[in-house]
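Biologist: I have a model open and want to read its fold with you. Can we take it step by step?

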Amino acid sequence: MGVFADTWTWLTTGAHWTGENGVGHRLAEHLYVSGTALLLACAVALPLGLWLGHLGRGGALAVNVSNAGRAVPVFAVLALFMVSPLRNAGYVPTVVALVLFAIPPLLTHAYVGVREVDRAVVEAARGMGMSGGQLFRGVELPLARPLLMTGLRSAAVQVVATATIAAMVGQGGLGRVITAGFNTYNTPQVVAGAVLVALLALLVEGLLVAADRLLGRAGRPVGRPAAGPTAGPKG
């Protein structure tokens, strides 16, 4: 119990939260790196996955890109960038490595989400005279939302947890709390840093789950009754 008590003491000490090396500053750096990487990954993967899903083509491309992205270690990618001209570009190597890490789940879920929309619904919409754009915006995209949000949550949590690697190449983020603890043999600080990263990842997951529920409610027609068993005709 000694380590947990010491970890709690470290977390509740105000001096550890202030200053350039404090938790507050490191948290801001972590959010900046994670948020930038996630936004860039969404800008690349979501339009491509949605477009391929709408066309019904490129499934093999989406799967192969996803598998290749998952097979390449993020730290190996970052190490390659650090021996390239990008090593003096600040957070750019870390952000690029995290973008490559976040693209696979976003791309796969976007493609699968659109392709798994009930074909009968799609054909009915086409029969009503909907154009390709109207079909995508009014039918495919709303019905693909659950899988899209699942991919976004997966990518966001992975990026937040993995952004700690920035500290391995001397950059900021909550990983610096952990590496500083290792350098000074301060086990409570190491555990505190790991707890902070885990709590941040859980917070991001919770916020995205809440956002998904709000979007689901906003997309539900007002006054529409909840789905339930239909009573048969009375004899």
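Modeller: Contact here means heavy atoms within 4.5 Å. Keep in mind that the model is predicted.

Biologist: Among contacts between residues at least 6 apart in sequence, what percentage join residues at least 24 apart?

Modeller: The count takes contacts in the protein between residues at least 6 apart in sequence. Those that join residues at least 24 apart come to 74%.

Biologist: How many helices and how many strands does the protein have?

Modeller: From the N terminus on, the elements run α-α-α-α-α-α-α-α-α. The totals are nine helices and zero strands.

Biologist: What share of the residues count as buried?

Modeller: Buried means under 20% relative accessible area. The protein has 235 residues. The buried share is 39%.

Biologist: How far is Gly 49 from Leu 106 in space, C-alpha to C-alpha?

Modeller: Gly 49 is found in helix H2. At 0% relative accessibility, Gly 49 counts as buried. Beyond four places away in sequence, Gly 49 touches Leu 107, Ala 110 and Tyr 111. Gly 49 and Leu 106 are 57 residues apart in sequence, and in space the C-alpha to C-alpha distance is 7.8 Å.

Biologist: At what angle do H4 and H5 pack?

Modeller: Two packed helices are described by the angle between their axes and the distance between the axes. H4 passes H5 in a right-handed crossing. The axes are 9 Å apart, and the angle is about 145°.

Biologist: How many nonpolar residues does the contact of H4 with H5 have?

Modeller: H4 brings Val 74, Val 77, Leu 78, Phe 81 and Met 82. Residues from H5 include Pro 93, Thr 94, Leu 98 and Phe 101. By class, one residue is polar, none is charged, and the nonpolar count is 11.

Biologist: Why does the aromatic pair of Tyr 32 and Tyr 91 tie together parts that are apart in sequence, and how many residues apart are they?

Modeller: A search of the whole structure finds one aromatic pair. Tyr 91 is partly exposed, with a relative accessible area of 23%. Tyr 32 lies in helix H2 and Tyr 91 in the loop between H4 and H5, so the sequence separation is 59 residues.

Biologist: Is Arg 153 buried or exposed?

Modeller: Arg 153 sits in helix H7. Beyond four places away in sequence, Arg 153 touches Glu 205, Leu 208, Val 209 and Asp 212. The cut-off for buried is under 20% relative accessible area. Arg 153 has 17%, so the class is buried.

Biologist: Which residues does Ala 156 touch, not counting residues up to four places away in sequence?

Modeller: Ala 156 is also placed in helix H7. Ala 156 is buried, with a relative accessible area of 3%. The residues touched are Leu 38, Val 204 and Leu 208.

Biologist: What is the phi of Tyr 185 near?

Modeller: Tyr 185 lies in the loop between helix H8 and H9. At 75% relative accessibility, Tyr 185 counts as exposed. The phi is positive in a residue other than glycine, with a value near 55°.

Notes. Residues numbered from 1 in each chain as written. Predicted model: local features only at pLDDT ≥ 70, side-chain atom pairs only at ≥ 80, totals over all residues. Heavy atoms only, no water. Helix = DSSP H or I, 4+ residues; strand = E, 2+ residues; numbered from the N terminus. Buried < 20%, exposed > 50% of the residue type's maximum accessible area, 1.4 Å probe, protein only. Axes fitted to C-alpha atoms, helices over the stretch in contact; angles between N-to-C directions. Left-handed = near helix turned anticlockwise from the far one by under 90°. Nonpolar A, V, L, I, M, F, W, Y, C, P; charged D, E, K, R; others polar. Phe/Tyr/Trp six-rings, centres within 6.5 Å; stacked < 30°, edge-to-face > 60°.
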